[in-house]
Amino acid sequence: MMENYRAGIVTCAKEDRISNLPEHLIDSILERVPLEEAVRTSILSKNWRYRWTTMKELVFDQQFSKKFAKNGAFGHNGFIRIVNKVLFFHKGPILKFHIHVPNMFLDNFEEVDQWVLFLSRNGVNELLLNNSNRRYELPSYLFCCLELTKLELHKCCFKPPLEFEGFLNLEKLRLEDIDFGARLCGTKFNLPQLKKLSLLKCTNVYNFNIKATRLHELIVYACHDAMLLRLLDSPCLLLVSIAFEKPIEDFVRVEEMNLATMLSNLSKVEYFYINSYFLKVRYKGKPFMLNLRSSLTGVY
């Protein structure tokens, strides 16, 4: 009987093929399951106890925040406390970090500031901050994340420090419900690697000025004070989509332009879309769409 029991243990050990995989493959497996499940692998064995702590991708998505936000911010299994614990035990670089800040009571965003500081010291490449709480003023630490290649922000105040010159490695930038405020004063930021820019429902966009000579895609939705001619000043643009929610005469700050002016510098453009509100003054509200190849689908 004892011999059979020992044989069973040996067989199980031999069949634990996952534990014997190379480190990078184990990390890849853990990153493909929800973060909560990845952390739970720590109870499998001593070998697995700290496996999750070296994951290079951490995703606290909306499903995660919904589950823990009901426990409050700092209560037992509260949202803030859980995120803090994960980051406290984490070791090594974090290349991808997604966080959804739920609509819950928060005295301030001090903890979120600390998360951003932590990321700035760990070489983050991809950062997605989806905020469903009140508007969040981005800390200066964010603008120290110079290794970023992808950045998505929602419901934030964009106030970089005066010495900030740009993100030199950023390729994709998506900004939704962002307030650029008056502090920027048209300061130009250098984004030499930027390929895709999306501005959705942002305010004070006239203060947002970038130099992006490699920009391929520009999407502007419901940003009624955007300086479009300035944003369109890129020789590599292939796709342009501009849409308003209201007639342009309803807004105080509107940039005067005509279609010929807009298209004059777009020698390589393949897809160009503007909705009826953009041309309402001149064309009496009739929709206008210019499509040089095929229809726009899934732009936003």
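Strands are DSSP runs of E with at least two residues, numbered from the N terminus. All views show a predicted model.

**Figure 1. Ser-198 in strand β9.** Ser-198 belongs to β9, the strand of residues 196-200. This serine is buried, with a relative accessible area of 7%. Setting aside neighbours within four places in sequence, Ser-198 has contacts with Leu-173, Arg-174, Leu-175 and Ile-219.

**Figure 2. The protein chain as a whole.** The protein chain contains 9 helices and 14 strands. Of its 300 residues, 41% are buried. Among contacts between residues at least 6 apart in sequence, 47% join residues at least 24 apart. The accessible surface amounts to about 16,800 Å², and carbon and sulfur atoms account for 52% of that surface.

Figure 3. Helix α4 spans residues 62-69, and its buried residues are Phe-64, Ser-65, Phe-68 and Ala-69. These residues lie on the same side of α4, because they cover an arc of only 115° around the axis. The face of α4 turned away from this buried side holds Gln-62, Gln-63 and Lys-66, which are exposed. In helix α5, which runs over residues 79-89, the residues Phe-79, Ile-80, Ile-82, Val-83, Val-86 and Leu-87 are buried. Their arc around the axis is only 165°, so they sit on the same side of α5.

**Figure 4. Strand β13 and its partner β12.** Residues 271-274 make up strand β13, which has a covered face with Phe-272 and Ile-274 and an uncovered face with Tyr-271 and Tyr-273. In a regular strand, side chains alternate between the two faces of the sheet. Strand β12, residues 239-243, pairs with β13 in the parallel sense over 4 bridges. Opposite Tyr-271 of β13 stands Leu-239.

**Figure 5. Aromatic pairs around Phe-164.** The whole structure contains 15 aromatic pairs. One of them, Phe-164 with Phe-189, is tilted, with 5.3 Å from centre to centre and 55° between the planes. This pair links distant parts of the chain: Phe-164 is in the loop between β6 (156-157) and β7 (172-176), and Phe-189 is in strand β8 (residues 188-190), 25 residues apart. Both Phe-164 and Phe-189 are buried. Ring pairs also join Phe-164 and Phe-189 into a cluster with Phe-143, Phe-158, Phe-167, Phe-180 and Phe-208.

Figure 6. A disulfide is a covalent bond between the sulfur atoms of two cysteines. The structure has 0 disulfides. Cys-157 takes part in none, and the nearest cysteine sulfur, in Cys-156, lies 7.7 Å away. Cys-157 is buried, with a relative accessible area of 12%.

Definitions and conventions. Residues numbered from 1 in each chain as written. Predicted model: local features only at pLDDT ≥ 70, side-chain atom pairs only at ≥ 80, totals over all residues. Heavy atoms only, no water. Disulfide = S-S within 2.5 Å. Buried < 20%, exposed > 50% of the residue type's maximum accessible area, 1.4 Å probe, protein only. Phe/Tyr/Trp six-rings, centres within 6.5 Å; stacked < 30°, edge-to-face > 60°. Arc of directions from axis to C-beta. Pairing = 2+ DSSP bridges. Contact = heavy atoms within 4.5 Å. Areas by Shrake-Rupley, 256 points an atom, 1.4 Å probe, with all protein chains shown as cover.
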